[in-house]
Amino acid sequence: LFDYLEKYDYENLFICQEKETGLKAVIAIHDTTLGPAVGGCRMWIYDHEDDAIEDALRLARGMTYKYAAAGINLGGGKTVIIGNPYKDKTEALFRALGRFINRLGGRYITGADVGTTMQDMEYIRTETPHIVTVPESYGGAGDIAPYTALGTFQGIKASANEIYGSDSLEGKTVLVQGLGKVGGNLIKLLTDAKAKILIADTDERLVAKYRDEYKLQVIQPELVYETECDIFAPCALGATVNDQTIDKLKCTIIAGAANNTLKEERHGEILKQKGILFAPDYIVNAGGTIFDTDRLGVSGVHNKERAVQNVLKVYDTTKTVFKIAKEKNITPMDAADLYAKKRIDELKKLRNI
Ligand code: NAI
């Protein structure tokens with residue numbers, strides 16, 4: 001474990017246990033060079049404790065890069081609660097976690113993630129102010145998915161500009177996989193941009209809703225990868241670009257909100273060789289977190305106008321990453337990591353002077 005922590009330069013790993021409430025959680029803090037570590041709280045069933053630790057560590061590091069690349073002055077952290085989000089949730093459990101987070105004195109700030117809701121955040125909020133996802137009535141940003149979608153839309157336009165020489169999506173075929181909180185909002189933006197939209201989801205109710213409301217063509221979930229389109233926008237699960245799917249792909253651009261779209265790093269290299277442009281997921285899907293963390297800046301209050309302006313910057317960041325990739329002849333994913341690390345390394349150097 002310590003070899004891993006050393007390899008990726010982690011700062012802390014906390015194991016939290018409280019017998020009375022049944023809390024078993026892992027809090028990982030990756031890097032606080034740019035500011036306090038921020039990252040959501042995931043609740044999931046893990047077969048092994050090691051898997052939970054690995055998940056927390058990997059996700060915390062992802063947050064460091066996400067904030068650094070987006071120009072946000074925050075570091076990366078993450079909490080993972082080991083438990084069934086459908087059965088094991090109690091107010092006491094989240095309050096226990098809140099007390100642990102409070103003891104960290106603001107070095108780590110939590111929020112909602114897979115398996116946790118705004119209600120859970122309200123329980124944590126009763127024990128600690130170190131929490132970002134809170135309702136608008138508490139001075140928070142509220143529902144952030146529309147802003148994740150807005151940022152993703154900027155990333156898609158920047159990708160179109162890179163390949164087709166224009167931001168216009170008019171007449172371009174965009175396949176949206178996953179019509180949930182982000183995908184659904186993205187459909188609205190793509191419709192306004194006059195794109196030709198194809199939709200896929202395993203949830204038939206959602207498919208029917210968007211098919212009927214927007215008159216869209218439906219693709220069966222298992223046929224998504226072999227369907228011809230200009231832009232594939234994965235907004236469902238991660239690891240959709242893998243050994244089984246990569247040779248089927250018939251798109252020129254992949255740009256979507258799903259985290260960890262590339263199953264392995266080498267898949268990014270294969271896409272590059274195939275001439276498919278991959279817009280790095282953590283660059284493109286940063287809109288929600290940019291919006292959410294606005295009040296953690298110098299001003300201390302959430303300003304919607306400023307936050308939206310910052311979300312729109314996803315366009316420029318995506319273009320910058322493509323530029324670095326081209327100049328250095330590396331994959332956009334490697335370019336994104338390089339861009340993020342450079343910001344952290346420069347500040348680290350300054351601090352050591
Ligand atoms: P969600 O849970 O609301 O929607 C996901 C949708 O994908 C669901 O409708 C589900 O039925 C569908 N789906 C699952 N398996 C599928 C399959 N095999 N084929 C087609 N559809 C499938 O999730 P949300 O919030 O919309 O997030 C989507 C993705 O974006 C996730 O990977 C998430 O980690 C990522 N993301 C979300 C952010 C947010 O603000 N909600 C922020 C950053 C990333």
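Mentor: Two strands are said to pair if DSSP finds at least two bridges between them. Helices (H or I, at least four residues) and strands (E, at least two) are DSSP runs, and they are numbered from the N terminus. The model is a predicted one, in which local features need pLDDT of at least 70 and side-chain atom pairs count only at pLDDT 80 or more, while totals for chains, interfaces and linings use all residues. Residue numbers start from 1 along each chain as its sequence is written.

Six strands form it in the order β9-β8-β7-β10-β11-β12, with parallel pairing. Its edge strands are β9 and β12 (277-278), each of which pairs on one side only.

Let us begin with β8, residues 196-200. Four of the five residues in this strand are buried, which leaves β8 mostly covered. A residue counts as buried if 20 or more other C-beta atoms lie within 10 Å of its own, as exposed if 12 or fewer do, and as partly exposed in between, with C-beta atoms placed from the backbone.

To one side of β8 lies strand β7, residues 173-177, and the two pair in the parallel sense over five bridges. Within this pairing, L175 stands opposite L198 of β8. Between the two strands the chain passes through helix α6 (residues 181-192), and this β-α-β crossover is right-handed. The term means that, with the strands pointing away from the viewer, the path from the first strand over the helix to the second runs clockwise.

β8 also pairs with strand β9 (residues 217-218), to which it is joined in parallel by two bridges. Here L198 stands opposite Q217 of β9.

F232 stands opposite I254 of β11. The loop between β10 (231-234) and β11 (253-254) contains A239. Although A239 is not a glycine, its phi is positive, near 60°. A239 is partly exposed, since 15 other C-beta atoms lie within 10 Å. N260 counts as partly exposed because it has 16 C-beta neighbours inside 10 Å.

The axes of α6 and helix α5 (residues 145-164) come within 8 Å and cross at roughly 55°. Such axes are lines fitted to C-alpha atoms, for helices over the stretch in contact, and angles run from 0 to 180 degrees between N-to-C directions. The two helices, α5 and α6, are therefore oblique to each other. Angles under 35 degrees count as roughly parallel, over 145 as roughly antiparallel, 65 to 115 as roughly perpendicular, and the rest as oblique. The crossing in which α5 passes α6 is right-handed. That word applies to a crossing if the near helix is turned clockwise from the far one by less than a right angle, and left-handed if anticlockwise. On the α5 side, the contact involves A145, P146, T148, A149, L150, T152 and F153, and these meet K181, V182, N185, L186 and L189 of α6. Residues are in contact if their C-beta atoms, placed from the backbone, lie within 7 Å.

For contrast, consider a pairing of another sense, earlier in the chain. Strand β1 (residues 12-18) is joined to β2 by seven bridges, and these strands run antiparallel. L13 stands opposite A28 of β2. Four residues lie between the strands of this hairpin, where G22 takes a positive phi near 80°. β2 also pairs in the antiparallel sense with strand β5 (residues 75-82), over six bridges. In that pairing A28 stands opposite K78 of β5. Strand β2 (residues 23-31) is mostly covered, with eight of its nine residues buried.

How values were computed. Two residues are in contact if their C-beta atoms, placed from the backbone, lie within 7 Å.
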